[in-house]
Amino acid sequence: MRDAEREAGSVPGARGGARSRVSRVTPWAEGGAKLLSPPWAAYPQWFLRSWHCYLRMEEDTDFRIRFSSLGFITDHIGFRGTIKSSPSDFVVIEIDEQGQLVNKSTSGLINKVLPEPNNFAKKTKLDFQNISCQEGSNQEVNTFTKCSDDDQNHQSGSEKEDTINDGTSKGEEEKVHVLGNLLDEKTNDLLTHFAFDIKEKWNSKTELIGSSPEFSLGRILDKNQRAILHSAVRQKFPFLITVGKNSEIVVKPNLEYKELCHLVSEEEALDFFKYLDAKKENSKFTFKPDMNKDHRKAVHHFVNKKFGNLVETKSFPELNYNAANPNIAITVRFREKKHKHRKRSLFECQDQKVIYTAFTLRKENLEMFEALGFLAIKLGVIPSDFSYAGLKDKKAITYQAMVVRKVSPERLKNIEKEIEKKRMNVFNIRSVDDSLRLGQLKGNHFDIIIRNVRNQINDSTNLRERILEAIENVKNKGFVNYYGPQRFGMGRKVHTDQIGLALLKSEMVKAVKLFLTPEDLDDPVNRAKKYFLQTEDAKGTLSLMPEFKVRERALLESLHRFGMTEEGCIQAWFSFPHSMRIFYIHAYSSKIWNEAVSYRLSTYGSRVVEGDLVCLDEDIDDEHFPSSKVHLVTEEEESASTYAIHQVVLPVLGYNIQYPKNKVGQWYQDTLSRDGLQTCRFKVPTLKLNVPGCYRQILKHPHNVSYQLMEEHDTDVKTEGSHIDETTLSLQISFDLDASCYATVCLREIMKHDF
């Protein structure tokens with residue numbers, strides 16, 4: 001790139017498709033070129049200085065925006081230092097949903113099924129004998145990040161939504177107890193109000209205008225609690241349905257109930273839907289006797305059309321049958337399962353369930369997917385049999401929760417010695433009931449050593465004061481919640497987001513070639529990749545590719561079998577587990593989000609303006625909050641300063657998100673057009689990838705911050721009998737971050753230094 005171009009900045013996604021160049025000097029300073037024209041005079045000078053670097057965006061030869069072009073939100077000077085001098089300088093420990101560090105020993109758990117946390121009061125009694133084997137093994141597992149994609153839900157009837165029918169309770173009063181125990185008083189009251197409002201509109205013959213109204217009960221992490229809550233709501237309010245979306249329970253009007261009320265009495269409709277929800281073995285439901293044959297035919301037709309896969313109907317005459325008064329009643333019963341004479345309870349079929357073994361994985365200086373590939377080979381399973389809550393750094397010592405299916409605790413324990421050679425350990429081995437899903441964690445704890453700490457160039461202030469100032473500033477003001485550089489494979493020729501973009505555009509051959517692009521290194525792996533790009537000889541490349549490169553070899557084996565065609569490359573991508581295929585799509589979405597938050601803050605600063613999206617729930621600590629919690633800021637709310645900058649969220653790309661209604665929303669559209677995705681629905685059917693999207697807070701704060709400055713003495717021997725002692729400073733810092741936050745990004749804000 002020419003020097004003159006390096007001195008200029010660019011605005012990603014500028015209108016018209018071209019990138020408008022701006023001066024390197026701070027554009028809002030007197031005499032500088034103006035990028036945008038909001039009332040900048042209202043912003044403090046530190047904020048303008050902090051965003052100066054945003055306008056100095058540099059691009060490499062492939063026109064990729066460098067991570068160093070991203071901005072800061074705090075105004076301190078910072079300091080310099082070196083992170084990740086060795087893996088032991090960067091320790092990451094996952095924090096589970098109960099707030100416990102996963103590296104803590106849980107001895108005595110081997111071969112025992114851990115009970116689900118029980119948060120119910122003693123008065124709640126549940127009839128688990130009526131939970132069938134089929135429902136009991138139904139999994140609600142999503143494979144992303146939290147921006148998750150597998151949200152194709154199921155509902156009895158015509159709509160495919162997830163109405164889970166696990167478990168029933170004993171009577172209306174008990175449902176009140178269950179709802180009272182599972183929901184807080186406010187949510188319970190709002191649910192009741194929502195239900196009565198629906199009934200009132202129906203009774204008044206008022207049509208529901210627009211899309212069907214919804215009410216969110218929030219996110220329920222425990223699967224058993226979700227199942228009980230689904231049933232409790234529908235038993236108490238049979239005219240409502242419950243829908244599961246990524247652990248969130250949403251309540252909607254049951255339009256099928258309303259339709260049935262046109263054919264039978266409301267009392268019968270209530271009882272019928274309670275009967276359906278209970279799914280009691282060998283039970284029957286009988287409508288009131290009916291003389292009208294056409295009317296009975298209509299009821300038969302309705303039940304079989306809506307629920308024919310679940311129940312069957314027959315007409316029987318009343319006991320006191322009279323030919324002159326032929327009252328005939330319709331009886332409904334559940335269909336028998338083929339090859340199955342009766343449903344067995346959850347406990348009767350427990351032995352036939354798939355084995356799930358949980359453990360804590362410790363790895364050192366090892367990529368997570370490489371670790372999983374090695375474990376899969378040793379255990380005789382495939383990588384997709386492993387589930388986990390989040391990805392972890394390579395150059396670090398990391399501890400994370402894992403679950404592997406079809407492997408017993410004893411079998412996993414038998415490979416402990418073998419995997420130690422690969423710098424891996426497994427412990428806390430135990431049996432569990434289900435797999436993990438991405439995002440199923442509270443956050444991560446970090447113990448980090450920053451070595452060779454020193455002042456910024458031309459900064460003569462006391463270093464200890466600089467460090468204290470920086471840490472306290474970020475503790476109080478937070479940091480811009482960028483996705484970290486490791487998300488994109490920084491330092492490599494091809495970034496993961498480029499592969500994701502190719503997959504979104506269904507350019508399968510291009511995506512394969514990007515994945516197998518070699519680095520400028522002369523080692524066996526890169527020699528094999530170089531040979532493939534030159535020859536497209538998958539079989540020959542396999543003979544060159546080292547055994548430990550599990551992903552590359554799996555891809556090459558598929559290419560050898562199916563060929564280097566578009567269809568062959570589609571099959572090759574299926575050699576990767578779903579979580580890895582979706583990872584590349586998420587990488588592209590993450591890159592766009594990083595650019596979007598930079599644009600948002602450079603355009604509007606720290607004000608909350610009309611058209612911004614804000615999260616209404618103060619307790620949200622991850623990306624998986626429901627759309628019902630996202631609010632579009634109005635002009636009146638901007639004038640009244642109703643919301644603060646830490647409440648602002650931006651969408652992570654997907655098919656189920658809304659965009660801001662201001663310049664930022666237009667920026668998203670321009671950027672998608674720039675990348676050829678203006679009509680993209682964020683679904684890749686050929687790879688079975690569906691990306692619903694999510695929302696991410698633009699600012700985050702570290703928690704439980706502690707730090708200590710240490711002196712290190714390096715002895716440098718100059719001549720025989722003489723030496724020079726040099727003292728350098730190291731900073732030992734520990735903190736917790738919410739799920740999906742990056743320690744390197746937090747450190748970058750503290751130090752004002754790119755790594």
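1. Ground rules. The model is predicted, so local features need pLDDT of at least 70 and side-chain atom pairs count only at pLDDT 80 or more, while totals for chains, interfaces and linings use all residues. Residues are numbered from 1 along each chain as its sequence is written, and side-chain values use heavy atoms, with hydrogens and water left out.

2. Helix 14 against helix 15. Helices (H or I, at least four residues) and strands (E, at least two) are DSSP runs, numbered from the N terminus. The axes of helix 14 (residues 496–504) and helix 15 come within 8 Å. They cross at roughly 165 degrees. Axes here are lines fitted to C-alpha atoms, for helices over the stretch in contact, and angles run from 0 to 180 degrees between N-to-C directions. Helix 14 is therefore roughly antiparallel to helix 15. The cut-offs are these: under 35 degrees is roughly parallel, over 145 roughly antiparallel, 65 to 115 roughly perpendicular, and the rest oblique. The crossing of helix 14 and helix 15 is left-handed. That term means that the near helix is turned anticlockwise from the far one by less than a right angle; clockwise would be right-handed.

3. Who meets whom there. Helix 14 brings Q498, I499, A502 and L503. Helix 15 answers with M508, K510, A511, L514 and F515. Contact means heavy atoms within 4.5 Å. The residues of this contact divide into seven nonpolar, one polar and one charged. Ala, Val, Leu, Ile, Met, Phe, Trp, Tyr, Cys and Pro count as nonpolar, Asp, Glu, Lys and Arg as charged, and the others, Gly among them, as polar.

4. Helix 15 against helix 19. Helix 15 (residues 508–515) also meets helix 19 (residues 566–573), with axes that come within 8 Å and cross at roughly 55 degrees. The two are therefore oblique to each other. This crossing is left-handed. On helix 15, the contact is made by M508, V509, A511, V512 and F515. On helix 19, E566, C569, I570 and W573 take part. The division is eight nonpolar, no polar and one charged.

5. Cysteines. How many disulfides does the model have? The count comes to zero. A disulfide is a covalent bond between the sulfur atoms of two cysteines. Here the test is a pair of cysteine sulfur atoms within 2.5 Å. For C741, the closest cysteine sulfur is in C746, 8.7 Å away, which is too far for a bond. C741 is buried, at 8% relative accessible area. C261 is partly exposed, at 26%. Buried means under 20% relative accessible area, exposed over 50%, and partly exposed in between (1.4 Å probe, protein chains only).

6. L183. This residue lies in the loop between helix 4 (172–182) and helix 5 (185–203). L183 is buried, with a relative accessible area of 6%. Not counting residues up to four places away in sequence, L183 touches N188, L191, L217 and L229. L183 and I220 are 37 residues apart in sequence, yet 9.9 Å apart in space, C-alpha to C-alpha.

7. I249. Strand 7 (residues 248–253) holds I249. I249 is buried, with a relative accessible area of 0%. Leaving aside neighbours within four places in sequence, its contacts include F215, S216, L217, G218, I220, R226 and L229. H230, T242 and V243 are also among them. R226 is 23 residues from I249 in sequence and 7.6 Å from I249 in space, C-alpha to C-alpha.

8. G540 sits in helix 17 (residues 538–544) and is buried at 16%. G540 and H560 are 20 residues apart in sequence and 9.2 Å apart, C-alpha to C-alpha. K442 lies in the loop between strand 14 (424–432) and strand 15 (443–455). K442 is partly exposed, at 42%. K442 and S740 are 298 residues apart in sequence but 9.5 Å apart in space, C-alpha to C-alpha.

9. Positive phi. K84 has phi near 55 degrees, a positive value in a residue other than glycine. K84 is in the loop between strand 3 (79–82) and strand 4 (90–95). Is K84 buried or exposed? At 17% relative accessibility, K84 counts as buried. S641 has phi near 50 degrees, also positive in a residue other than glycine. S641 lies in the loop between helix 21 (635–639) and strand 19 (648–652). S641 is exposed, at 58%.
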